[in-house]
Amino acid sequence: MTFAVFPLCSLLATFGARTVTLEEAERAAAAQRPDIRLADANLAAGVARDEQARAPLLPQVKIDSLYERTTGNRSQKPGHTNNYPTSWQTYNWFDTQVSATQMIWDFGQTPNRWRAARARAVALGDNARGARLEAVADVRTTYFRASAERSLAGVARQTLANRQRHLEQIRGFVHAGTRPDIDLAQAVADEANARVQVIKADNGYAVARAQLNQSMGTTGDTDYEVADDTFPPQPGENAEIGPLIDEAIRARPDLAAMEAQIRAQELTLRATRNGYWPTLNLVAGAESAGQSFEKTHLLDNLGNVVSSGGMAWNLWGGAQLTWPIFQGFLTRGQVREADATLDGLRAQHDALVQQVWVAVEQAALV
């Protein structure tokens, strides 16, 4: 997954002006912010893990090939009268095997793990949606802060202009002898303080634009102005607090992600508990082994033609039952861990619901 990155200078050049609107800032953040790109990457990884979890449900086919240079001595057991001579002469040995396995039934272990991986991918999708919403909120906050700092800088300049005009008036009055010198000194100090406020306001505006750059995910310069964008009232923002909280609980992506994680953990716990039971697989395969790929014909003592040194094929098929009877209480420990993890996720969900209540009430009071 790739993402286009647009430097701020290019973005401004596209619109032909050194003014950034809120819509442009939000669009730049959606394309460039690292947290959004990270959330999208995590989502892509979650989808890939979903595919991996499904793989054991499908047929498994593999090919194994072996080449050896080996001796041909036969093993001899004590008590046997057959004594075979040993030789250190070496021979070629080729062995190729094709095998296939299909899982038939494992009491829901693999299907539940697949469903859990799919639920976690859904949670990552909700996290990505939440990252975009948080990015929009961050951009809007920094944008309006920069707009406010711009207004403060304008007020500071107007104040400085007033102080300068007042200073000229006081200077004229003092020269005419109608005002004392102390009034001129006070006017000079006021004008100097106004200049300091202009410098502070300009610095505040520059810092606010730098923060806006960060919220947009860009490393460009701050040689631009922000537009005076505003928002109309949001529909239903003056409704009763109860319906607002219910809507927030339904719409919040972080809550949806947490609920998907709880579903995934419930499925994981179910799959782990089923680990006490056996797994049934169908197996089939073919194997070819021998000293060479070409058959050589030899005669025995009776003059019969025999073949030696060639590849011989064998086929097999059947059912395989695997039942881990005792693994040192491994499964019991895994079940306890999965159960505790599920309790933790449910606690996090309840805490998040409480945070949503507080956040909605605070927003309603602003």
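1. Phe-107 belongs to the loop between strand E3 (90-105) and H4. Helices here (H or I, at least four residues) and strands (E, at least two) are DSSP runs numbered from the N terminus. Although Phe-107 is not a glycine, its phi is positive, about 60°. Most residues other than glycine have a negative phi.

2. A word on the model before going further: it is predicted, with local features needing pLDDT of at least 70 and side-chain atom pairs counting only at pLDDT 80 or more, while totals for chains, interfaces and linings use all residues. Residues are numbered from 1 along each chain as its sequence is written, and side-chain values use heavy atoms, with hydrogens and water left out.

3. Now for the aromatic rings. The whole structure holds six aromatic pairs; rings of Phe, Tyr and Trp (its six-membered ring) pair if their centres lie within 6.5 Å, and planes under 30 degrees apart count as stacked, over 60 as edge-to-face and the rest as tilted. Trp-105 and Phe-107 make a tilted pair, because their planes meet at 55°, with ring centres 5.8 Å apart. Ring pairs also join Trp-105, Phe-107, Trp-277 and Trp-323 into a cluster.

4. Another pair to look at is Tyr-143 with Phe-144, which is edge-to-face, with 6.1 Å between the centres and 80° between the planes. Are these two partners buried or exposed? Tyr-143 is buried, at a relative accessible area of 0%, while Phe-144 is partly exposed, at 30%.

5. A charge also meets a ring in this model: the charged end of Arg-209 sits over the ring of Tyr-205, 4.1 Å from the ring centre. The test for this is that NZ of Lys or CZ of Arg is within 6 Å of the ring centre and within 35 degrees of the ring normal.

6. How does the span of helix H5 agree with its 36 residues? Helix H5 (residues 181-216) should span 52 Å at 1.5 Å a residue, and its end C-alpha atoms are 53 Å apart, so the two agree. The expected span is 1.5 Å times one less than the number of residues. After H5 comes Gly-217, with a positive phi near 75°.

7. Phe-329 also deserves a look: this residue is not a glycine, yet has a positive phi of about 65°. Phe-329 is in the loop between strand E8 (312-322) and H8.

8. The largest pocket contains about 800 Å³ of space. Of its 15 lining residues, Gln-234, Glu-237, Leu-244, Val-360 and Ala-363 are the closest to the centre. Helix H6 (241-251) and helix H8 (330-365) are the elements that give two or more residues to this lining, and H8 gives the most, with five. By class, the lining has nine nonpolar, three polar and three charged residues. For the terms: on a 1 Å grid over the protein atoms alone, where a 1.4 Å probe fits, a pocket is an open set of points with protein on both sides within 12 Å along at least five of seven lines, and lining residues have an atom within 4 Å of a point. Grid points are joined across faces, edges and corners, and the volume is the space filled by probe spheres set on the points. Ala, Val, Leu, Ile, Met, Phe, Trp, Tyr, Cys and Pro count as nonpolar, Asp, Glu, Lys and Arg as charged, and the others, Gly among them, as polar.

9. The second largest pocket has a volume of about 450 Å³. Its lining has 15 residues, with Gly-130, Leu-133, Glu-134, Val-136 and Ala-137 nearest the centre. H4 supplies the largest share of this lining, eleven residues. The classes here are six nonpolar, three polar and six charged.

10. Finally, some contacts across the sequence. Trp-357, in helix H8, is partly exposed at 41% relative accessible area, and its C-alpha is 6.1 Å from that of Ile-245, 112 residues away along the chain. Ala-156 lies in helix H4 and is buried at 8%; Asp-202 is 46 residues from Ala-156 in sequence, with 9.0 Å between their C-alpha atoms.

Notes:
Buried < 20%, exposed > 50% of the residue type's maximum accessible area, 1.4 Å probe, protein only.
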